[in-house]
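User: I'm new to this one. Can you walk me through it?
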Amino acid sequence: GAGVSKPTSSKYRGVRQRPWGKYAAEIRDPNRGSRLWLGTFDSAEEAAQAYDMAARAIRGSAAVTNFPAPAGGDGPLPAQMAEALGMDGVAALGFSAQQVERKGERAGKGRGRGSSKRAGADDARLAEEAELLLFLHSSED
C-alpha cells in the first residue's frame, strides 16, 4: 500500500534491509531444498558475515561469499543466528553448542590479556551455554 516500503536488497549476498533499518540474513540450503533463516542484525556487514559463515558450512570451499574467509577460520556462531536456526539448524551447519557465541559477546572482543577471572568465567560460560541450549530446545516446541 501507499507509504509502506518493501524490504530493500543490500549490496551483500543473502542480506536484505528491513523497512525499519535492521538487516535480515538468509541462505538457500540445497540439502533441505529451502531457505534457512539466519537472523536479524544491526548492520549489513554482520548479516553478511552470518551468511558467509553459513555458506562456508553448507558449500565448503566452493562457497560464494561476501568477504574472504577469516585467516583463523570462522569464529563462534553469532547468538542471534543460533537462535534463528535452532539446535537442529546449528547442527545441520556442522556447529556444536560450544561454537555458539554467548549473548552480549562479540567475536574478537573478549577479555584482555591475563584475566584473573578466567577460572570462574569458565564455570559461568558453561552455565550460560547450558541455558542457551535449554532456550533453543524450548523454542523448538
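**A buried tyrosine and its surroundings**

Analyst: Tyr-12 is buried, at 13% relative accessible area (buried is under 20%, exposed over 50%, partly exposed in between, with a 1.4 Å probe and protein chains only). This is a predicted model, where local features need pLDDT of at least 70, side-chain atom pairs count only at pLDDT 80 or more, and totals for chains, interfaces and linings use all residues. Residues are numbered from 1 along each chain as its sequence is written, and side-chain values use heavy atoms, leaving out hydrogens and water.

User: Which residue does Tyr-12 form an aromatic pair with?

Analyst: Phe-67. The pair is tilted, 5.3 Å centre to centre with 50° between the planes. Rings of Phe, Tyr and Trp (its six-membered ring) pair if their centres lie within 6.5 Å; under 30 degrees between planes is stacked, over 60 edge-to-face, the rest tilted.

User: Is Phe-67 buried or partly exposed?

Analyst: Partly exposed, at 25% relative accessibility.

User: New topic. What does the side chain of Glu-26 make a polar contact with?

Analyst: The side chain of Arg-16, at 3.4 Å. A polar contact is a pair of N or O atoms within 3.5 Å; within protein, one must be able to donate a hydrogen and the other to accept it, and residues adjacent in sequence count only if both atoms are side-chain atoms.

User: And is Glu-26 buried or exposed?

Analyst: Buried, with a relative accessible area of 15%.

User: How many residues are in the largest nonpolar core?

Analyst: It has 28 residues. Those with the most contacts inside it include Ile-27, Leu-38 and Leu-85. Such a core joins buried Ala, Val, Leu, Ile, Met, Phe, Trp, Tyr and Cys residues through side-chain atoms within 4.5 Å.
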